[in-house]
Amino acid sequence: MAPDLGNDSCMPRTIWKGALNFGLVNVPVGLYSATQDKTVHFNQFEEGTSDRVRYKKVNERTGVEVPAGKIVKGYDLGGGEYVLLTDEELDAAEPEKSKLIEITDFVDLEQIDPVYYRSTYYLAPEGEAANKAYALLRQVMRDANKVAIGTVVMRNKEYPVAIRPDADVLKLETMYFADEIRSPTKDFPELPSADQVTDREVQMAGLLLESMESDWNPEKYQDTHRLQLEAIIEAKRQGNEIVTGTEAQPASTKVVDLMEVLSASIDSVKAGRQPAKKAAPRTTTKKAVAKRPTPIKKTAKAAKPKAPARRKAS
């Protein structure tokens, strides 16, 4: 059986427990991650062996390993100068730990630029006694179409948060502070202005946009890189050698061809042919002729080889 790569079937664990404060009402809640990382992770080995590569923290001058208890933190002032801080000094600056998310404002969701969002969590009621107050807050926020704003201290860091309701659960978004958001006009002072395009070009691009409109369907989009990695790993596990072709880079659209490309794109969509997409690298397999490297230690007993299962297209 192929390994279930990048998947986490475990139940979500509580990241934080406390109460959601709404006026004089406290709702006991738990915070759970709303997403899971399905990235394929690798360990490192010395080539031709089954020996793992490990990292050590060493003194860059002497090359001697430094024990954890002897390591302090330093802030880089530039020019080779540092301000060294002890754990006690760092502890003095940490935000006060709190088990309370106090709602300070209710705002319209459309007023929040998505660039402020960090990570999404689920807020679930903790205990049967919290169910009624939780359901009340969720319902009143849905009826008013409002998002609650507050702050939370989590993992020794303070975050502004936005809490938004849906049909089943309250979702909490940790956010960036305003001074953490970069200014695009400062970083990119030569961004093109609106007067660089003609009314006809805008009209033509609008027609293309309308022809490609559809309902949001997240199942339509897949991590093709992860799927290809899983296929390569499974083929290698079955004793195949991987041969990968090179991918040609797509040519950028020339400004002089913009109207022609827009018109051709509209015709293509109308004819039921989507514009050409970036081709995935071709991967073929052949039986390995070279001697296999030393097998990895402590591996599970290999199953009988069988062809990787085909993935159903979405």
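Me: What share of the 314 residues in the chain do buried residues make up?
Reply: Buried residues make up 19% of them. Buried means under 20% relative accessible area, exposed over 50%, and partly exposed in between, with a 1.4 Å probe and protein chains only. The model is predicted: local features need pLDDT of at least 70, side-chain atom pairs count only at pLDDT 80 or more, and totals for chains, interfaces and linings use all residues. Residues are numbered from 1 along each chain as its sequence is written, and side-chain values use heavy atoms, with hydrogens and water left out.

Me: Why does Arg155 count as exposed?
Reply: Its relative accessibility is 59%. The cut-off for exposed is over 50%, so Arg155 counts as exposed.

Me: What else marks Arg155?
Reply: Arg155 has a positive phi of about 55 degrees and is not a glycine. Arg155 lies in the loop between β8 and β9. Most residues other than glycine have a negative phi. Asn145, in the loop between α2 and β8, also has a positive phi, near 55 degrees.

Me: What makes β5 and β6 edge strands?
Reply: Two strands pair if DSSP finds at least two bridges between them. The open sheet of eight strands runs β5-β1-β2-β7-β10-β9-β8-β6, with mixed pairing. β5 (100-102) and β6 (105-107) each have a single partner strand, so one side of each is left without a neighbour in the sheet.

Me: How do you know that β2 and β7 pair?
Reply: Strand β2 (residues 25-33) and strand β7 (residues 117-125) share five bridges, in the antiparallel sense. Pairing needs at least two bridges, so the two strands pair. Ser33 stands opposite Tyr121 in β7.

Me: What puts the buried residues of α2 on the same side?
Reply: Tyr134, Leu137, Arg138 and Met141 are buried in α2. They cover an arc of only 95 degrees around the axis, which puts them on the same side of α2. The arc is that of the directions from the helix axis to the C-beta atoms. The face turned away carries the exposed residues Lys132, Leu136 and Asp143.

Technical notes:
Helices (H or I, at least four residues) and strands (E, at least two) are DSSP runs, numbered from the N terminus.
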